[in-house]
Amino acid sequence: MACGTPNLDAPILRRAAFLLWWIAIVGSPSRAQVVRGSPDTTAVAVDSSDVASVARGAQASFERIRVRHLPRTYGSFGGSCDEVVGRICVTFGEGEWYPGPEASEIVDARRALIAELDSLQTLVPRDSWILGQRVWYRAEAGAWETALATARECGPEGGRSWWCLALEGFALHGLGRYGRSQAAFDEALSGMDRDRARRWSIPRWPVEGRVRDVLDEAREGEGREDAGVAEPTDRVHALVERLWTLADPLYLVEGNDRRTAHLARWVASEIRSEARNPFRLRWGDDLTELTVRHGWQKGWERIPARSPSYRDQVIGHDHPLGRDYMPSAEALLAPATAEPEAMVPRLRRPRSLYAPEYAPVLLPMDGQLAVFPRGETMVVVSSHFLPADTTHHASHDHPKPWLEAAEQASMPSSMGL
């Protein structure tokens, strides 16, 4: 985790993921032109720019309501940065925050916003900004099934754009259908422009510097692409495929949820880049980078202003159980001979954060493996002992993100690597 405050020189945030900012909202009035023909006929011609202005005003108004009803905290967030990303100061450390229920006022305001955006979309069916917000706020509310249905409204049958497919991949990831999400994202990548596809496909921000060097050296070793062509070389493609294979958490589910999470974060960044957010910060490369590295915020708090002349500060929290699943350069170059430590998801000073929804808590566990040859095959037998919870959430009063041993008695075991 991390937390932050703005300094005197630049608007900076601390996080671990905490982001500090405020919010500013701008609204726009609605207008329409009425064209009258014969006395018994009335046609209404809607100006799409006016509809867009109403939609943006409604979205901004919701974010203002959100900030007003965020839970208060009075902690101190001073101190030095562990990392500075553009305008943002990042601090890592295990904190006590965990997502709690939203205020009813926020829930009601989001529901009203979604209803208004739905009605406005009928006036401008091809407005991709409104569509993205409709998908985003349903997802934020945990309504991933309706987010998927909304994403599938996009585009004509048989001719869906890359953005339609990306929104569908985003919703499928949220539903835990990672194999189908991966297929949708692959189709989206093949349909988008080459520069964007390359930026989304090759994970530069979430990996350590030495891994970026390995990818760059592979490109240089095979020769740069011709001017204007951004497709990766075969060597880079092979390294990226290996990277995602090594980053796949535990190999417990169909598809590669770490990869689909990465692409879903790009979608979230695209949606939020032209929308108001609780941080009172214009979207830029720094927020895009941190979204791609750490994911979108899982909750917010606010620090009341010291005097009426100041605004409340807003803290955005990333997933409190996130770890760094991306492989090191040692593991990427020679996974068969890498030291065990090179394959362990990092918690301290992570370059990126991710917590699988199906297994968010990782604890050290004692176990044994026995291998029995059977001709050209083998039987692998394992035994393990469930560990006691040693995380800082053990004594919290929020619902546990795991099952105790007794609660798993009637469930099949899932083994992973």
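1. The model is predicted: local features need pLDDT of at least 70, side-chain atom pairs count only at pLDDT 80 or more, and totals for chains, interfaces and linings use all residues. Residues are numbered from 1 along each chain as its sequence is written, and side-chain values use heavy atoms, with hydrogens and water left out.

2. The chain has twelve helices and nine strands (DSSP runs numbered from the N terminus; helices are H or I of at least four residues, strands E of at least two). Of its 417 residues, 45% are buried (buried means under 20% relative accessible area, exposed over 50%, partly exposed in between, with a 1.4 Å probe and protein chains only).

3. A search of the whole structure finds eleven aromatic pairs (rings of Phe, Tyr and Trp, the last by its six-membered ring, with centres within 6.5 Å; planes under 30 degrees apart are stacked, over 60 edge-to-face, the rest tilted). Trp162 and Trp200 have ring centres 5.8 Å apart and planes at 85°, so this pair is edge-to-face. The pair joins helix H5 (residues 162–174) to helix H7 (residues 194–201), across 38 residues. Trp200 is buried, at 1% relative accessibility.

4. Tyr178 and Tyr358 also form an edge-to-face pair, 6.2 Å centre to centre with 65° between the planes. Tyr178 is buried because its relative accessible area is 5%, whereas Tyr358 is partly exposed at 28%.

5. One aromatic cluster consists of Trp162, Trp163, Trp200, Trp205 and Trp266.
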